[in-house]
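Q: Hi! I'm new to this one. Could you walk me through it?

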Amino acid sequence: MAKTHATLEDEVIILDDDILDGFDFVEGPVGNPKVPAPPTSLSNPHTASASFQGQKQLPFQTRELVVRSKGDNTLVESTHILDKEALESFVYPLLGGQPARAYQQGAIQRCIFQNTLVALPTGMGKTLIAAVVMANYARWFSNSMSIFLAPTKPLVAQQTQACRGLICALPQQEFGSSWVAEMNGNIHPTKRRKLWSESRFVFSTPQILQNDLKSGVLDGDNSRRIVLLVIDEAHRATGKYAYGESVGMLHSLYHGADACEHNPMQPCKAAPFRVMALTATPGSNLKAVQDIVNRLHVSHIFLRTEESLDVVPYIHGRLIEEVLVDLPPWLMAARDCLATVMQRSINLLCGVCRAMPHPGDLKRLSGFQVRMERDRFCAHPGNARGMDIGRISSEFTIVISLAHIMQLLSEHGLRPAWVALRSWQQEVDLAHNTRTDVVSSFFNFSNTKSLTSKLPAASSTAKGIAALAPPGFLGHPKLERLVQTVKLHFDQHSSGDFSTRIIVFSQYRGSVSEIVGVLNGLRPRVRSEAFIGQSNATNNRPRRQHMRGQSQKEQLAVLDRFRRGETNIIVATCVGEEGLDIGEVDLIINYDAPSSPIRLLQRIGRTGRARRGKVIVFLAKDTREENSYQKAQREYKSLQGKIAAGKGLQLRQDLSPPMIP
């Protein structure tokens, strides 16, 4: 396909000819297509100002939309009411009077004409792209409905607020802010049914959409009003997650329940709604990206990285520093003790029944790796060598649990490891209080008794720590480095106020609790607070964590205090990684390093937005964590290169209707 180079406010963008043909700036007001457009340039846009129902005036660009559709658009025209006059123009906001960014313009153009996966670095304006497409689709398709899906309630609330201001401040006369609805499970189904019927823009979690489609709360007539589906944090759209399930259910309205269900690569007809998916990184590997492409019916991937030429001018940059933390001899001795306990089950699995190959260094064994071996064995249990299958499964459970505890001990310290071990034992006792099996008898094994008798004092009390560790030890050498790093940062960036902010990430709630306690020992200069997910332990199972979950109201309050400077450090689990607008952050500290490149990129994207930021990654030396981090870095770079080159992916061209005739 031929390429055309076009300039936009001195930025360079490369556009396909068939996309470029659809857009020209017009020197005239919205809805006036009679004024001829400049012949070849995308520069010199007409700038106007609009206000709507008390909204702040917002400058916008007006363009003539000259569309050359390809393919059959009959189903679109028979399903939706098209405003032919509105279709001749296109509007785009200029936030703060700033010129339009070329990469945003390019992404918007793709999203209008194709089902597109937009992969942009965190903080590069994916929400703006979505709001512009939503506003223009509402202008073009009368009485239509656009849905914005986000994976968590706090993110739904944030995106509702951000998009409402953009949508309702653009020049349109047929809808207003009252037609924007935020949907959640706390709203009664009767009220949700009414909102689905009356709203033009709905913001929701995918589970609400999926459940309301199943139950009929979102009925067939209103389902057919859907003209645009925006999917935020689209890297989640794998497997049976509600994103892909919802898209499939909407397709079945037009082509039957079995359409594309059994063979996702089998060609099938397009549906009369556009899908635009947003993410900072599309997946951990090509298989995952292909799964997203299949389930969301993607026909184009718009990919930019922080090194892309049209993105570089807007990146303030960040310094990434990797800090290797040495484990003290006494902690390594504790790991050896745990490995000795694990060796008994490893000998049975690898030597006696040969259910899995020997993993080598038990101190670096991954619980995920053992789960994969268990699943493989259960699918083909031919190597049991006469041993009971249930016994082998129980031995796998023991190794998986011990590998997790080993990881906590190596990367987070004594307290989290001991809490996990004791919680596991309590769960086993609760489940088997009337009988004995392999897992429960494991806790009567002499080496296990030795381990559980040595660690409690060392992990629960300061006196116990002093018996094993040097005076003043905080639980893990990472905590000591964390305190040093935070003190140094405030020495360099703060003069007693809270103008600089820090986020500390840890994937375990137990560590979050411990980190907050240690940092609050630096008051009043440091004021830290936890930011964690909503889930809680059930009543019949002991908690594995120190902290209960936070409600949505509590989460939003934590973020609000952080933005206003009442706190200057939040310590977050994975709930803080995705999409949330949590203010300008100067320093990100990764207390642990996620092995997933998606999660790593989500974390570091919280800084370097308005000014240069810094990221510190703590790595426990000579552990699985160090190897996993390096592997994630290599895989991310390799994957981005393959996607950019179009290698190894099959896009769904047949599922992307022209939409605009």
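A: Happy to! One definition to start: the expected span of a helix is 1.5 Å times one less than its number of residues. Also, keep in mind that this is a predicted model.

Q: Okay, what span should helix α4 have, and what is the distance between its end C-alpha atoms?

A: Helix α4 covers residues 126-140, so its 15 residues should span 21 Å at 1.5 Å a residue. The end C-alpha atoms of α4 are 21 Å apart, which agrees.

Q: And how many of the residues of α4 are buried?

A: 14 of the 15, so α4 is largely enclosed by the rest of the structure.

Q: New topic: how do the axes of α7 and α9 cross?

A: Helix α7 (residues 206-215) and helix α9 (residues 242-255) have axes that come within 9 Å and cross at roughly 35°. That crossing is left-handed.

Q: Which residues make the contact?

A: On α7, they include Pro206, Leu209 and Leu213, and on α9, Tyr243, Met249 and Leu250 are among them. By class, the contact has seven nonpolar, three polar and two charged residues.

Q: Now the sheet. What's the strand order?

A: This open sheet of seven strands runs β11-β12-β10-β13-β14-β8-β15, with parallel pairing.

Q: Which strands stand at the edges?

A: β11 (180-182) and β15 (300-303) do; each has a single partner strand, so one side of each is left without a neighbour in the sheet.

Q: How many bridges join β11 and β12?

A: Three, in the parallel sense, with β12 made of residues 201-204. Glu182 stands opposite Phe203 in β12.

Definitions and conventions. Residues numbered from 1 in each chain as written. Predicted model: local features only at pLDDT ≥ 70, side-chain atom pairs only at ≥ 80, totals over all residues. Heavy atoms only, no water. Helix = DSSP H or I, 4+ residues; strand = E, 2+ residues; numbered from the N terminus. Buried < 20%, exposed > 50% of the residue type's maximum accessible area, 1.4 Å probe, protein only. Axes fitted to C-alpha atoms, helices over the stretch in contact; angles between N-to-C directions. Left-handed = near helix turned anticlockwise from the far one by under 90°. Contact = heavy atoms within 4.5 Å. Nonpolar A, V, L, I, M, F, W, Y, C, P; charged D, E, K, R; others polar. Pairing = 2+ DSSP bridges.
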